[in-house]
Amino acid sequence: MEGTNPVNKKLAAALSGGAVLVLALTGCSSGDDDDKLDAWAKDVCDAVQPQAKKIESANAAIQKETSDNSTPAEVQKTDAKAFQDMSDAYKAMGGAVQKAGAPDVEDGEKKQKDAVTELNGLSASYASLRKQVEELDTKDQANFADGLKDIATELNKLSKSGSNALKTLEEGEVGQAMAKQESCKSASVTPSAAAG
């Protein structure tokens, strides 16, 4: 099975970079009380936490597949499911931020809208990666390895470009309000993200 594992390790490394995006929705500092903003942060954090866990599990599945001596077909199946899970999770996060409405801060509406657009974009990107991995030829080892390399490149791009609007959303008061929420605190301790 030479060729699959090294390439798949690359895929896993790129993927753990992508998982860092989840952290853009979790704060790390504390600030003043603002009931309205706290309520908004609680809504978002409570909705985001299970999705962050889903992304973490998908990431772990791909990592595990790289450490086993898996066949291309097994790798394909695991990766396709993981990408679909991630796509669903980002879509759900976008829905959560949309549903929560604009945070009660300056430019809150624009920040919210940009974050929703970004999360939906990430969802579409992962759905497209799932399609890509499903179309790979598992019978041809070399072609399969090449295909995985392309997917790893896409993932790298995703992890670098994905979280600007999310970072903007959680700057200042919003980040401080989120930092106080238990669900955001627990969402921020993903080992896969720490590795990225």
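## Terms and model

A residue is called buried under 20% relative accessible area, exposed over 50%, and partly exposed in between (1.4 Å probe, protein chains only). This is a predicted model, in which local features need pLDDT of at least 70 and side-chain atom pairs count only at pLDDT 80 or more, while totals for chains, interfaces and linings use all residues. Residues are numbered from 1 along each chain as its sequence is written, and side-chain values use heavy atoms, with hydrogens and water left out.

Helices (H or I, at least four residues) and strands (E, at least two) are DSSP runs, numbered from the N terminus.

## Salt bridges

A salt bridge is a side-chain nitrogen of Lys or Arg within 4 Å of a carboxyl oxygen of Asp or Glu. By this rule there are seven salt bridges, and three of them are described here.

Aspartate 114 is partly exposed at 32% relative accessible area, whereas lysine 110 is exposed at 53%. Arginine 130 and glutamate 134 form another salt bridge, with 3.4 Å between the closest N and O atoms. They too are four residues apart in helix 4, about one helical turn. Arginine 130 is partly exposed, with a relative accessible area of 25%, and glutamate 134 is partly exposed, with 41%.

In helix 2 (residues 35-67), aspartate 46 and lysine 42 are four residues apart, or about one helical turn. Their side chains meet in a salt bridge with an N to O distance of 2.6 Å. Aspartate 46 is partly exposed at 36% relative accessibility, and lysine 42 is partly exposed at 43%. An α-helix has 3.6 residues a turn, so residues three or four places apart point the same way.

## Serine 183 and aspartate 46

Aspartate 46 also takes part in a polar contact: its side chain and that of serine 183 are joined at 2.6 Å. A polar contact is a pair of N or O atoms within 3.5 Å; within protein, one must be able to donate a hydrogen and the other to accept it, and residues adjacent in sequence count only if both atoms are side-chain atoms.

Serine 183 belongs to helix 8 (residues 182-187) and is buried, with a relative accessible area of 8%. Apart from neighbours within four places in sequence, serine 183 is in contact (heavy atoms within 4.5 Å) with Cys45, Asp46 and Gln49. The C-alpha atoms of serine 183 and alanine 41 are separated by 9.8 Å, although the two residues are 142 residues apart along the chain.

The expected span of a helix is 1.5 Å times one less than its number of residues. For the 27 residues of helix 4 this gives 39 Å, in agreement with the 39 Å between its end C-alpha atoms. Buried residues of helix 4 include Leu119, Leu122, Tyr126 and Leu129.

Rings of Phe, Tyr and Trp (its six-membered ring) pair if their centres lie within 6.5 Å; planes under 30 degrees apart count as stacked, over 60 as edge-to-face and the rest as tilted. The whole structure has two aromatic pairs. The rings of phenylalanine 83 and tyrosine 126 have centres 6.3 Å apart and planes at 35°, so this pair is tilted. Phenylalanine 83 is in helix 3 (residues 72-100) and tyrosine 126 in helix 4, 43 residues apart. Phenylalanine 83 is buried at 0% relative accessible area, and tyrosine 126 is buried at 0%. The rings of tyrosine 90 and tyrosine 126 have centres 5.5 Å apart and planes at 10°, so this pair is stacked. Tyrosine 90, in helix 3, is 36 residues from tyrosine 126 and is buried at 1%.
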